[in-house]
Amino acid sequence: MLDRYPPVNPKCPHFLHGGDYNPDQWDRRTWLEDVRLMKRSGCNAMSVGIFSWAHIEVEEDRFEFGWLDEVMDLLAENGVQALLATPSASHPAWMSAKYPEVLRVGADLRRRHHGGRVNYCLTSPIFRRKAAQIAEKLAERYKDHPALLMWHMSNEYGGECHCELCQQAFRDWLCVRYGSIDALNAAWWTSFWGHTLSDFLQIESPHALGERSTQGHWLDWRRFVSDQMLSLMLDEIAPLRRITPDVPITTNAMGTYTGLNYWQWAPHQDVVSWDSYPRWRDDDSDWTMAAEVSFKHDIYRSLKGGKPWLLMESTPSMTNWFAVCKPKRPGVHRLSSLQAVAHGADSVQYFQWRKSRGCSEKYHGAVVDHCGHENNRVFRDVAEVGEILAKLDDVVGTTVRPEVAVVYDWENCWAIDACRGPHKERKDYEQTCVRHYRPFWSAGISVDVIDQTVDLDGYKLLIAPMSYLLRPGFAERVEKFVQAGGWFVATYWSGIVNETDLVFTGGWPGPLRKLLGVWVEEMDALYDGEHNTVVPVEDSSLGISAACRAEVFCDLLHAESAEVLATYGEQFYAGSPALTVNSFGAGRAYYIASRNEDAFLSDFYGRLVQEHGLKRVMKARLPEGVTAQLRSDGERQFVFLLNFKPAACRIDLAGEEFTDLLTGQAVEGEIDLPGYGSEVLEKK
Ligand code: GLA
Ligand code: ZN
């Protein structure tokens with residue numbers, strides 16, 4: 001069965017390649033040079049108007065579209081598509097001066113002054129009205145323009161506002177959620193320290209001068225901010241949907257930025273997109289960072305159930321806000337661009353098209369440098385990616401259907417961050433999820449990264465590290481999943497609190513206790529440098545024999561119905577269970593009670609992969625630092641082979657045969673990958 005998504009917009013059945021384009025900083029002569037260079041670099045899509053509010057609405061209700069008309073026409077004449085932005089990320093100075101309520105109030109309760117960007121109040125009716133109005137004007141003006149490909153909503157929505165308007169909106173939001181102040185008091189456990197409230201009016205945001213010890217309050221504030229920002233975006237979207245119902249919409253997100261729950265944002269966009277700025281170091285450690293980036297790419301593919309997403313920003317060279325700003329070494333630009341494509345991106349977009357002459361981002365990597373011409377390394381790197389993407393039309397719209405899913409949940413992340421105990425410095429939720437993801441990345445096994453609300457059908461192995469907060473219904477759905485034959489892996493610090501941060505009474509891991517067949521009685525936290533050992537039980541069903549080190553967290557538990565696979569080697573709890581498996585229905589549920597070293601995770605997941613017969617993208621054994629990722633339309637299989645080590649390597653293809661999609665040549669026997677090498681193959 002064909003499993004292929006239509007292109008983002010049928011107008012362009014190709015990969016998008018281009019970037020943030022700021023013609024409002026330049027004159028027409030430069031624009032003409034820009035379009036010439038766009039064609040030379042194989043760029044076909046530009047994000048336009050992101051920070052152009054002040055150039056379009058030059059004073060209140062006086063609009064000047066002339067320059068943008070010209071730019072849009074030029075793009076269209078030259079075969080370049082526009083991702084037209086609503087400009088709300090940077091509102092004009094006249095607006096702040098006339099309507100101070102549009103400016104944000106910080107957690108210190110001081111109102112920001114005009115400046116920077118993303119400095120607007122999330123609630124201000126004036127701001128919302130004006131943002132919707134300019135979106136409407138843009139839609140009316142360009143609805144039939146041949147260059148209009150899609151809408152780019154604002155830019156990196158983020159942050160929060162503690163002004164009185166936002167405080168009142170928070171109270172209203174809570175009122176809807178809880179219905180009565182008693183219900184809220186119960187959900188937040190406000191009897192603690194006598195924080196009981198008698199009226200919604202007494203509630204304030206968790207600002208620096210106020211309430212900061214009620215985690216339920218904090219969690220609801222996080223949810224409110226995400227919802228409130230979303231409702232602002234929806235206000236901007238409304239006129240676009242009305243006037244241009246067929247033009248797709250996205251907004252550029254920020255990876256695992258915790259300020260907004262992107263899972264709740266995804267259904268409101270036609271395609272999701274994000275801005276990726278990996279910290280390549282040009283050394284032997286790059287591959288571990290590459291796995292972190294892949295993890296995020298896989299979130300974006302999973303956000304809409306496997307639908308291709310857009311890499312909306314990446315740097316063609318260096319990222320100027322890093323402490324040390326390295327240019328990409330040869331091969332890395334092609335590699336990191338193909339990495340995004342490998343995980344489901346249907347675009348490679350950059351920040352930025354052309355370096356500005358002034359202000360804070362003038363040294364940020366760009367396709368066109370200050371020299372102004374195409375005769376430099378970075379431009380050639382970009383043009384090479386343009387040539388490659390042009391050969392990959394058949395990959396557009398393809399996806400992957402992984403058997404493995406790792407759960408990384410935003411609400412759980414908020415709760416873990418807010419939690420006082422059991423280890424202040426080393427909670428590391430995201431890093432832990434990445435460490436559980438990495439053995440699959442290294443083995444070339446596709447993985448979805450989902451949150452606790454996602455449907456589990458179709459997966460064979462579900463891994464949910466540190467599920468401290470359980471969202472309603474998750475435990476029940478995991479039970480059903482295992483009952484039906486799925487394998488589930490949980491770790492220490494799971495099943496502790498509900499969605500308002502109230503601890504499950506009756507023993508951890510709360511609603512997961514029956515499924516996992518263990519009762520966690522206590523938890524040990526270890527100092528840096530301190531460790532325990534995990535010693536496999538002889539002849540256990542898992543068949544692991546090597547002992548490993550455990551750090552930071554060790555749960556002290558009783559196996560109830562579970563089989564003990566390993567025990568602790570040291571401390572007063574030596575000999576007690578450290579790794580268990582519980583047979584449940586047709587499936588199994590594993591509990592890893594401590595934070596174990598990477599060697600354990602590779603070994604453990606290697607066993608599970610083998611026993612459960614999970615599919616690898618290639619039969620080949622991949623050397624450290626190399627991954628293989630798959631995109632398929634259900635029939636053709638496109639394999640991306642990526643080497644994130646600076647050293648070359650040779651891979652034995654284990655009898656499988658491929659075609660090199662970029663050269664058309666047959667690939668059999670062995671393949672040589674240069675340092676930072678990247679290949680796109682099709683399985684024969
Ligand atoms: C973000 C923004 C861009 C630019 C880049 C620089 O992603 O969206 O406008 O500032 O960072 O890396
Ligand atoms: Zn506000």
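Predicted model: local features only at pLDDT ≥ 70, side-chain atom pairs only at ≥ 80, totals over all residues.
I started at ligand 1, where an oxygen atom of the ligand sits 3.5 Å from an N or O atom in the side chain of Tyr-277.

Trp-321 places a polar side-chain atom 2.6 Å from an oxygen atom of ligand 1. For His-364, I found a polar side-chain atom 2.7 Å from an oxygen atom of ligand 1. I then checked how much of the ligand is covered: on its own ligand 1 exposes 310 Å², and the protein buries 97% of that.

Which residues surround ligand 1? I listed Phe-51, Arg-117, Asn-155, Glu-156, Asp-275, Tyr-277, Glu-313, Trp-321, Phe-351, Glu-361 and His-364. I sorted this shell by residue type and got four nonpolar, two polar and five charged residues.

Then I moved to the zinc ion (ligand 2). What holds this ion? I found the SG atoms of Cys-121, Cys-161, Cys-163 and Cys-166 coordinating the zinc ion, at 2.3 to 2.4 Å. Along the sequence, these donor residues follow the spacing C-x39-C-x1-C-x2-C.

Why is the arrangement around the zinc ion called tetrahedral? I looked at the angles: the four donor atoms subtend 102 to 121°.

Methods: Residues numbered from 1 in each chain as written. Chains lettered and ligands numbered in written order. Heavy atoms only, no water. Donors = N, O, S within 2.8 Å, 3.2 Å for Na, K, Ca; no water. Tetrahedral: all angles 85-135°; square planar, octahedral: opposite > 155°, others 65-115°. Near = heavy atom within 4 Å. Polar contact = N/O pair within 3.5 Å; in protein donor to acceptor, adjacent residues only side chain to side chain. Areas by Shrake-Rupley, 256 points an atom, 1.4 Å probe, with all protein chains shown as cover. Nonpolar A, V, L, I, M, F, W, Y, C, P; charged D, E, K, R; others polar.
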